[in-house]
Amino acid sequence: MSSNITANWSYPTSVKLGRGRITELADACKSLGIKKPLLVTDRGLASMAITKTALDILEDAGLGRAIFADVDPNPNEKNLDAGVKAFKDGGHDGVVAFGGGSGLDLGKCVAFMAGQTRPVWDFEDIGDWWTRASLEGIAPIVAVPTTAGTGSEVGRASVITNSETHVKKIIFHPKFLPGVVISDPELTVGMPKIITAGTGMDAFAHCLEAYSSPFYHPMSAGIALEGMRLVKEFLPRAYREGTDLEARANMMSAAAMGAVAFQKGLGAIHALSHPIGAVYNTHHGMTNAVVMPAVLRFNRKAIEEKIGRAAAYLGISGGFDGFYDYVLKLRSELGVPETLSAMGIAPDRIDELSAMAIEDPSAGGNPVAMTLENTKTLFKDCF
């Protein structure tokens with residue numbers, strides 16, 4: 001396969017994958033009827049060359065030049081309120097969500113909340129709460145990922161942290177799914193190694209947990225399996241050689257696949273890492289990677305046979321044990337801390353974190369039912 005991977009997909013939305021395709025950004029906006037987009041990204045990306053290029057493309061096409069970048073690494077409702085205000089004050093009619101998970105999640109939520117009268121917490125991913133939303137108020141979204149991990153560009157939800165309770169909430173609506181995605185691997189070339197590793201392991205965690213979840217969704221399971229294979233083949237390459245465009249393009253595919261697959265459910269990896277990220281502000285993907293081996297041990301009885309099948313597909317011998325050893329090896333190759341202690345976290349708030357973990361929506365998809373007691377034991381095992 002050459003490094004010039006190019007594709008147009010309509011599943012799960014319109015995805016334009018390939019190097020240099022950021023040049024199609026203005027056309028993507030116009031195809032959705034956007035005349036005055038607001039580009040939403042995070043502070044770190046605001047001054048970078050790839051962001052300036054995107055703004056130039058919009059401006060040259062007569063779509064204005066507007067950016068909102070007041071976004072925290074774990075976006076909260078204050079960032080959201082400020083973004084909605086910028087959207088309304090600027091008279092915008094659509095959002096270009098640009099960046100990693102934080103920029104994409106907040107951008108999607110700004111487009112959604114711009115036309116709502118209820119508080120954002122009323123649309124948490126519980127039952128049919130999403131039906132409370134005013135449909136005509138939701139602005140169209142073009143998503144441009146600059147990392148390869150969260151897959152938020154093809155997701156129907158955003159994770160927003162409540163700044164008062166420090167709890168991460170999943171806000172859901174089918175219209176969160178962007179109308180057009182531009183996946184240009186050249187935008188991910190500048191990712192530092194630690195971010196390449198963390199986001200890549202996030203994609204792997206999404207695929208692994210979706211595949212392992214007990215819910216019935218064979219389409220998602222198939223996507224998750226191939227997503228894991230792409231990570232196995234291409235994440236070490238992208239990590240070693242950041243300019244490897246073939247590896248970068250395949251990691252963008254794996255990230256999108258993880259997010260499509262986790263409609264089938266997530267599990268304890270995410271249930272643990274959400275509270276840790278909310279309380280300690282750690283990198284989400286890296287936190288997933290740190291707790292992954294402990295969760296595999298915790299779930300072993302329920303997933304041993306399933307993981308054996310995955311190992312065979314991935315070309316790993318030794319069934320579950322072989323797969324487990326592969327995960328340890330991959331982590332050490334990518335410089336992932338071995339434990340939460342090595343990540344700089346003290347084990348003094350396990351009770352609080354465990355209580356948050358069993359309340360997390362991801363907990364319901366874990367193959368072994370999570371209780372307060374076994375979750376405390378699992379947390380201790382991560383230190």
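Mentor: A helix here is a DSSP run of H or I with at least four residues, and helices are numbered from the N terminus. Keep that in mind as we look at this predicted model.

Trainee: What makes α8 stand out in the lining of the second largest pocket?

Mentor: The element α8, which spans residues 245-261, gives 7 residues to that lining, and this is the largest share. The pocket has a volume of about 270 Å³ and is lined by 20 residues, among which W9, Y11, S253, A256 and M257 lie nearest its centre. Besides α8, the elements that give two or more residues are β2 (14-17), β9 (180-183) and α7 (218-240).

Trainee: How do you know which domains the lining of this pocket draws on?

Mentor: The chain is divided into domain 1 (14-188) and domain 2 (193-381), and the lining draws at least three residues from each of them. By kind, the lining residues divide into 16 nonpolar, 3 polar and 1 charged.

Trainee: How do you know how many residues of domain 1 and domain 2 are in contact?

Mentor: Contact means heavy atoms within 4.5 Å, and therefore 22 residues of domain 1 count as being in contact with 25 residues of domain 2. The centres of the two domains, taken over C-alpha atoms, are separated by 25 Å.

Trainee: What area do domain 1 and domain 2 bury between them?

Mentor: The size of an interface is often given as the accessible area lost when the parts come together. For domain 1 and domain 2 that area is about 1,900 Å², with 65% of it on carbon and sulfur atoms. On the side of domain 1, the residues that lose the most area to domain 2 are A148, G149 and K168, which together make up 26% of what that side buries.

Trainee: Which element gives the largest share of the lining of the largest cavity?

Mentor: That element is α10, with 4 residues. The largest cavity has a volume of about 70 Å³, and L208, E209, V295 and N299 are among the residues that line it.

Methods
Residues are numbered from 1 along each chain as its sequence is written. This is a predicted model: local features need pLDDT of at least 70, side-chain atom pairs count only at pLDDT 80 or more; totals for chains, interfaces and linings use all residues. Side-chain values use heavy atoms; hydrogens and water are left out. On a 1 Å grid over the protein atoms alone, a cavity is a set of points where a 1.4 Å probe fits but cannot get out, and a pocket is an open set with protein on both sides within 12 Å along at least five of seven lines; lining residues have an atom within 4 Å of a point. Grid points are joined across faces, edges and corners, and a volume is the space filled by probe spheres set on the points. Ala, Val, Leu, Ile, Met, Phe, Trp, Tyr, Cys and Pro count as nonpolar, Asp, Glu, Lys and Arg as charged, and the others, Gly among them, as polar. Domain bounds come from an automatic or database domain assignment. Buried area is the accessible area (1.4 Å probe) that two parts lose on being put together, summed over both.
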